[in-house]
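I opened the model to look up its charged pairs and then one of its helices. My entries follow in the order in which I wrote them.

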Amino acid sequence: MSIGIYDSGLGGLSVWRELRSKIRAPLVYFGDTAHLPYGDKSPEQLREYFRASLAFLESRGCQFIVVACNTTSSVVLPKIKHLLRLPVVGMIEGAVEAVCSAGGRRIGVLATQATAASGVYQNALGDALPGSEVLVQGAPELVPLVEAGEISGPKARTALEKYMEPLLAQGIDSLLLGCTHYSFLAEPIAQLLGGEVRLIDPAPAVAGQVQAAWPGAEVSGAETEFWVSAEPEKFKATAELILGEVLPPVYLKMPGEEGS
């Protein structure tokens, strides 16, 4: 039994990194790089991308799916999760768990435009933490920066300042990374926060939820299959840069394969 991990591109590697340390089971990672970024896509487009990607992961033998994409978790899963045949874990529940554990009351959220517009974090955190205030900031420039491997330096800092200053000006006490790509910007984000605001990365909590729900036995020496829908060489090179490690080969899902 394999676990499938799905994202628009590199961001889901932040969840994969946590998951592989908790579950020694075969993993299949699929990055839908042909269609990124997801943050500016319509709900209809996002549903179609998810349907095709889910079919592909099933064709690779996956029997459990981790949607390591906040945009899909926000816009698509709430409407179709009850219709899915396979067990699926998204990002929202783990993010809420992480925020509740941190104990914030005035919570800033950096997110893609689609996630921000969905209202999912305002609703979920408002229900989980009555009396809290949730301030969500769309940050469309951040995913392209991570996909280009620009996770530090002046370009990243300038973009982060633009999106974080409105949140900091409103006196947030916690900042939730509402997109898995943003985990790879944690260092410059923490520098801008200056230690006065808690930085919350939901990836560990999501991996913990998958561990609790995973029905399979442990498999010694399990490895990961990496697949993308475009530019596998670029994905591999940038992934190795931001992870600081060497990955196995990354394969291209060809048009006409299952799920395309």
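Entry 1. I began with E245, which is partly exposed at a relative accessible area of 25%. The model is a predicted one, and I read every value below with that in mind.

Entry 2. I looked for the partner of E245 and found R20, with which E245 forms a salt bridge; the closest N and O atoms are 2.6 Å apart. E245 sits in the loop between α12 (232-243) and β10 (250-252), whereas R20 is in helix α1, so the pair ties together parts that are 225 residues apart in sequence. R20 has a relative accessibility of 34% and counts as partly exposed.

Entry 3. I searched the whole structure for salt bridges and got 13. Side chains of opposite charge can pair when their charged atoms come close. I wrote up two further pairs.

Entry 4. E225 and R60 form a salt bridge, and their closest N and O atoms are 3.1 Å apart. I placed E225 in strand β9 (residues 224-228) and R60 in the loop between α2 (43-59) and β3 (62-67), so this pair ties together parts that are 165 residues apart in sequence. I noted E225 as partly exposed at 27% relative accessibility, and R60 as partly exposed with a relative accessible area of 33%.

Entry 5. Which residue does K22 pair with in a salt bridge? I found E18, with the closest N and O atoms 3.8 Å apart. K22 and E18 are four residues apart in helix α1 (residues 13-22), so about one helical turn separates them. K22 is partly exposed, its relative accessible area being 26%. E18, at 22% relative accessibility, also counts as partly exposed; the cut-off for buried is under 20%.

Entry 6. I turned to helix α9 (residues 154-169) and checked its length. Its 16 residues, at 1.5 Å a residue, should span 22 Å, and the end C-alpha atoms are 21 Å apart, which agrees.

Entry 7. Where in α9 does the kink lie? I located it at Y163, shortly before the proline P166, with an angle of about 35 degrees. Y163 is also one of the buried residues of α9.

Entry 8. I then asked what covers the buried residues of α9. The cover includes the strands β5 (106-111), β6 (133-138) and β7 (174-177), together with the helices α8 (142-147) and α10 (186-193).

Key
Residues numbered from 1 in each chain as written. Predicted model: local features only at pLDDT ≥ 70, side-chain atom pairs only at ≥ 80, totals over all residues. Heavy atoms only, no water. Salt bridge = Lys/Arg side-chain N within 4 Å of Asp/Glu carboxyl O. Helix = DSSP H or I, 4+ residues; strand = E, 2+ residues; numbered from the N terminus. Buried < 20%, exposed > 50% of the residue type's maximum accessible area, 1.4 Å probe, protein only. Expected span 1.5 Å × (residues − 1). Bend = angle between axes of the 7 residues up to and from the residue. Contact = heavy atoms within 4.5 Å.
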